[in-house]
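Please take a moment to look over the sequence and the structure shown below, and keep both in view while you read. The paragraphs that follow go from one chain to the other and then to the place where they touch.

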Amino acid sequence: MIFRKNTFKGGVHPTEFKELTENQPLEIMPTPKEIFLPLQQHLGKEATPTIKKKDKVLAGQMVAEPVGFISAPIHSPITGIVKDIKSIPTPIGFPRKSIIIEAESSNEFQYYEPLNIDKIAPEQIVERVKLAGIVGMGGASFPTYVKLTPQKDKPIDTLIINACECEPYLTRDYRIILERPIQFILGTKLIMKALGVNKAIIGIEDNKPEAIEILRQHLANEPEIKLEVLRTKYPQGAEKMLIFAAVKRQVPPGKLPLDVGVVVQNVVTALSIYEAIIEGKPQIDAIITVSGKGIKNPKNLIVKIGTTIQEVLDYCGGITNDAIKLVVGGPMMGNAIYDLKTPVMKATSGILVLTQAEVNEIKERNCVRCGNCVEVCPINLQPTKLARLVQFSRYEDALNMGIMNCMECGTCQYNCPSNVSLVHWLKLGKIKAKNIQVA
Amino acid sequence: MEQTKFLELQEKRLKLGSSPHIKSAFSTQKAMIYVILALVPCIISSIIFFGFYQIVIILTSVVFAVLTEFVIKKLRKQNLSIDDGSAALTGLLLALILPPNYPLVSTALGSIFAIAIGKEVFGGLGYNIFNPALIGRAFLQASFPVETTTWVKPNLAVDTITSATPLAQFKFERIVTDLPNLFYGNISGSLGETSALAILIGGLFLIFTKVANWQIPVSMIIGLIVFEGILWIINPNEFASPLFHLFSGGFMFGAFFMATDWVTSPLTSKGMWIYGLSISLLIVLIRNFGGLPEGVMYAILLMNAVTPLINRYTVPKIFGETK
């Protein structure tokens with residue numbers, strides 16, 4: 001295998017469009033009148049409400065408690081009255097039971113007690129992360145404390161901070177690094193302490209020279225935290241690709257990063273952990289990039305979780321006439337939605353309004369077996385073959401060809417000249433194949 | 001409030017769909033147009049060496065290819081797909097591998113056969129096993145053996161050049177054509193196949209625009225030079241030099257335009273190397289030990305049949321897999 005420095009095999013270079021928002025400072029969006037809080041914002045179990053209809057809640061107060069190991073509590077982002085608890089549509093595509101809170105004009109809030117960063121014990125950090133309801137930023141939004149709880153048989157030696165932000169358009173991690181480098185690095189050190197590791201690597205793509213410069217300055221006296229500048233390529237920020245590029249370890253199929261002694265966390269997560277410990281603030285804000293040619297004023301925003309997408313779009317000046325697609329998340333992996341009443345969730349990274357020119361949706365034609373999808377698949381799958389197996393309901397064969405390793409990054413379909421709906425078939429195949437596996 | 005109403009209107013025409021929501025600018029249609037563009041130097045060389053009449057052959061072939069696809073799609077009540085350009089391309093490719101001044105009726109028949117039997121019976125673009133243009137050519141070779149092996153002298157011919165192709169001359173008369181004429185294409189042969197220079201211009205354009213992969217042409221050229229080189233070193237009197245073989249017959253055209261066909265070539269880089277080297281081996285065997293002077297067409301068709309097998313044995317190792 002050819003040794004490639006600081007990158008991985010395959011991948012694509014989509015147009016970045018980061019210039020739309022990269023110079024927009026983080027802006028705090030005013031508190032909305034109403035908040036919609038889905039009780040399940042991640043993989044795992046739904047949280048149980050601890051309040052009733054018509055209760056008064058304070059900003060930062062826990063309103064739903066976790067059930068089981070993989071579950072996270074939910075806190076009210078605003079002070080107000082509980083209006084209702086009912087099912088509403090969410091950006092992940094399924095309706096979820098949610099708490100609806102009506103805001104009151106009040107500056108009251110109820111955070112946790114700030115902890116002393118110098119005297120804090122690793123267990124205290126994990127406990128606070130759990131209490132603050134911090135979840136990961138990946139598609140599964142795994143509760144972060146689970147990743148911070150060490151397992152005896154799997155020692156961790158390295159923490160990797162994912163600052164790649166390889167999805168086009170998104171610039172929130174970039175803005176956090178530019179505007180809050182000290183908080184971000186302190187958060188990183190807290191994660192290191194919780195994990196008991198003395199080595200951290202911040203992986204960042206080489207298309208962000210200003211952020212790299214700032215990090216270099218702040219890391220001058222931090223020998224334990226190394227900055228690794230990686231080549232700009234999608235999906236550099238995918239966990240397995242990032243680990244390979246940064247420490248040259250390959251996570252085997254079906255295994256997790258901790259199987260190779262690594263934990264990966266995001267920039268936003270490091271910042272949230274900092275806030276949870278130094279300020280005692282639970283995860284009630286989402287930092288999102290609102291971008292795309294279809295939005296009048298693209299911005300980087302700090303919004304309350306539960307704010308509807310419509311309100312965010314209104315705040316950014318509304319959408320243009322030629323907008324045709326609304327995406328929650330990045331353009332490569334995000335979900336297209338149609339209901340503007342869906343709320344911003346904990347793991348929401350961006351809201352994109354795309355026009356025809358950006359979507360570039362070409363006619364779907366027959367697969368011409370050009371092999372472009374095979375060439376760019378970072379996991380070395382054969383997307384065209386898997387898609388065809390799924391089309392013929394041959395899920396077992398698809399399973400044998402490794403369909404479960406697909407991370408749905410969309411690289412194959414982006415590069416497909418015939419615009420075959422590869423990701424659609426792969427997603428469907430994974431669900432069907434999983435049922436076979438279980439049965 | 002006005003804005004809200006406006007947004008509600010927007011909601012009604014927002015598109016849904018699975019990720020990814022952006023798409024590279026590359027498309028099958030564009031690729032076909034690029035290949036047709038890359039064939040322009042070959043069309044020009046055919047006119048220079050064999051006269052303007054060749055344009056009529058090319059047009060006949062293209063028109064009948066497109067018409068055949070149109071009629072079949074209509075008969076089978078399928079969506080029309082002639083806008084993808086693949087039928088026109090097949091017609092063009094077929095014309096360029098026919099002898100100059102080829103009868104128009106046979107040209108049309110070959111074109112119809114290429115699309116109908118070479119492509120549409122398998123289900124259309126992407127499903128065919130064999131390269132449709134080569135299927136058309138093989139059909140003509142079998143049906144009209146005399147016409148399909150009747151060659152004419154190139155226009156710029158000097159006395160030493162006869163109407164026999166360099167490969168036939170070598171095989172049956174032991175006459176070696178000089179390299180410059182072979183390279184520029186001032187020799188007798190099929191319309192677009194004679195000029196290695198024109199083919200290289202178009203072929204390199206395809207490789208730099210990433211429409212064609214580089215592995216197949218490179219592996220074919222390396223294979224031919226190595227295999228022919230071995231024979232040549234063993235007995236230079238009996239076998240011609242590798243460079244002679246490289247620039248004669250349909251080798252260059254086959255390497256850049258026929259073997260690189262997406263549909264009928266392997267998926268992975270490793271598979272492409274196996275495919276390219278095997279084609280060259282077959283060409284060397286047919287040219288030197290077979291009854292025919294030329295073997296590019298049959299070599300590629302044979303390897304087309306083996307492609308699924310190559311794909312099966314060159315499945316890439318999944319990331320992180322240790323086996």
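Among contacts in chain B between residues at least 6 apart in sequence, what percentage join residues at least 24 apart? In this predicted model, the share of such contacts in chain B that link residues at least 24 apart is 73%. Chain B is built with 15 helices and 0 strands, and its C-alpha atoms fill a box of roughly 90 × 55 × 30 Å when the box is taken along the principal axes. Of the 323 residues in this chain, 52% count as buried.

B:Ser86 belongs to helix α5 of chain B, which covers residues 86-96. Is B:Ser86 buried or exposed? It counts as buried because 31 C-beta neighbours lie inside 10 Å of it, where the cut-off for a buried residue is 20 or more. If neighbours within four places in sequence are left aside, B:Ser86 is in contact with B:Met32 and B:Leu125. B:Thr28 stands 58 residues away from B:Ser86 along the chain, and yet the C-alpha atoms of the two are separated by 8.9 Å.

The domain assignment divides chain A into domain 1, made of 1-27 together with 110-361, and domain 2, which runs over 372-438. The centres of these two domains, taken over C-alpha atoms, are separated by 26 Å, and the contact between them draws 14 residues from domain 1 and 14 residues from domain 2. On the side of domain 1 of chain A that touches domain 2, there are 10 nonpolar, 3 polar and 1 charged residues.

Two packed helices are described by the angle between their axes and the distance between the axes. Helix α1 of chain A (residues 122-131) packs with helix α4 of chain A (residues 181-195) at an angle of about 115°, and their axes are 7 Å apart; the crossing in which α1(A) passes α4(A) is left-handed. Which residues make this contact? From α1(A) come A:Pro122, A:Ile125 and A:Val126, while A:Leu190, A:Lys193 and A:Ala194 come from α4(A). Sorted by class, this contact of α1(A) with α4(A) has 5 nonpolar, no polar and 1 charged residues.

Strands are found in chain A as well, and 3 of them form an open sheet in the order β3-β5-β6, with antiparallel pairing. At the edges are β3 (48-49) and β6 (74-75) of chain A, each of which pairs on one side only. Strand β5 of chain A, residues 62-65, pairs with β6(A) in the antiparallel sense over 2 bridges, and A:Ala64 stands opposite A:Ile74 of β6(A).

It remains to see how the two chains touch. In all, 57 residues of chain A are in contact with 40 residues of chain B. Among the elements of chain A that give two or more residues to this side are α8 (309-315), β15 (323-328) and α14 (422-438). Which element gives the most to the side of chain A that touches chain B? β15(A) does, with 5 residues. By class, the side of chain A that touches chain B has 31 nonpolar, 18 polar and 8 charged residues.

Conventions
Residues are numbered from 1 along each chain as its sequence is written. Chains are lettered from A and ligands numbered from 1 in the order in which they are written. This is a predicted model: local features need pLDDT of at least 70, side-chain atom pairs count only at pLDDT 80 or more; totals for chains, interfaces and linings use all residues. Two residues are in contact if their C-beta atoms, placed from the backbone, lie within 7 Å. Helices (H or I, at least four residues) and strands (E, at least two) are DSSP runs, numbered from the N terminus. Ala, Val, Leu, Ile, Met, Phe, Trp, Tyr, Cys and Pro count as nonpolar, Asp, Glu, Lys and Arg as charged, and the others, Gly among them, as polar. A residue is buried if 20 or more other C-beta atoms lie within 10 Å of its own, exposed if 12 or fewer, and partly exposed in between; C-beta atoms are placed from the backbone. Two strands pair if DSSP finds at least two bridges between them. Domain bounds come from an automatic or database domain assignment. Axes are lines fitted to C-alpha atoms, for helices over the stretch in contact, and angles run from 0 to 180 degrees between N-to-C directions. A crossing is left-handed if the near helix is turned anticlockwise from the far one by less than a right angle, and right-handed if clockwise.
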